[in-house]
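Biologist: I would like to learn how to read a protein model. Can we go through one step by step?

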Amino acid sequence: MLFRSRLPAVDRKQQLIDAALPLAERYGFDSVSRTMVAAAARVSESLLSRYWTAPDFQAALLEAAIQRENLTVLAQGLAARHPVAQAAPLELRQAAAASLI
């Protein structure tokens with residue numbers, strides 16, 4: 001039988017965000033579901049609930065996009081008028097807006 005080791009919470013959160021960012025780029029920030037993220041990360045949906053509520057996960061996803069300068073996801077967050085996206089540094093917001101043109 002194959003046993004998986006438990007990851008520390010910080011590593012597990014990183015794994016989930018890493019799985020979610022490409023999905024957000026491909027399908028759109030607002031279209032990424034918990035089911036999609038869980039499948040991509042190969043974990044259960046309930047594991048996501050252990051770390052974040054749905055709105056908190058969107059905020060964490062946008063924070064990661066800002067930190068990694070992912071303009072595609074940031075632009076989608078700006079279009080959705082998400083407060084985390086609107087709080088991004090001005091230069092990033094401008095670059096994200098320019099990427100839409």
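Modeller: We will go from the overall fold to single residues. Keep in mind that this is a predicted model.

Biologist: How many helices and how many strands does the protein have?

Modeller: The secondary structure comes to seven helices and zero strands. Read from the N terminus on, the order of elements is α-α-α-α-α-α-α.

Biologist: How does the radius of gyration of the protein agree with that of a compact globule?

Modeller: The idea is to set the value against what a compact globule with this number of residues would have.

Biologist: What share of the residues is buried?

Modeller: A residue counts as buried when its relative accessible area is under 20%. Of the 101 residues here, 38% are buried. The protein exposes about 6,400 Å², and carbon and sulfur atoms supply 53% of that area.

Biologist: Of the contacts between residues at least 6 apart in sequence, what percentage join residues at least 24 apart?

Modeller: In this protein, 50% of those contacts do.

Biologist: How are the charged side chains counted and placed?

Modeller: There are 11 positive and 9 negative side chains. The centres of the two sets lie 8 Å apart.

Biologist: How many salt bridges does the structure hold?

Modeller: To find one, look for a side-chain nitrogen of Lys or Arg within 4 Å of a carboxyl oxygen of Asp or Glu. The structure holds one salt bridge. R68 forms it with D18, and their closest N and O atoms are 2.6 Å apart.

Biologist: Why does this pair tie together separate parts of the sequence?

Modeller: R68 lies in the loop between α4 (54–67) and α5 (71–79), while D18 is in helix α1 (residues 9–27), so the pair ties together parts that are 50 residues apart in sequence.

Biologist: Which accessibility values do the two partners have?

Modeller: R68 has a relative accessible area of 38%, which makes R68 partly exposed. D18 is also partly exposed, at 37%.

Biologist: Is N70 buried or exposed?

Modeller: N70 is found in the loop between α4 and α5. With a relative accessibility of 12%, N70 counts as buried, because that value is under the 20% cut-off.

Biologist: Which residues is N70 in contact with, leaving aside neighbours within four places in sequence?

Modeller: N70 is in contact with L21, E25 and A65.

Terms used: Residues numbered from 1 in each chain as written. Predicted model: local features only at pLDDT ≥ 70, side-chain atom pairs only at ≥ 80, totals over all residues. Heavy atoms only, no water. Helix = DSSP H or I, 4+ residues; strand = E, 2+ residues; numbered from the N terminus. Buried < 20%, exposed > 50% of the residue type's maximum accessible area, 1.4 Å probe, protein only. Rg over C-alpha atoms; globule rule 2.2 N^0.38 Å. Contact = heavy atoms within 4.5 Å. Areas by Shrake-Rupley, 256 points an atom, 1.4 Å probe, with all protein chains shown as cover. Lys, Arg positive; Asp, Glu negative; His and termini not counted. Charge placed at Lys NZ, Arg CZ, Asp CG, Glu CD.
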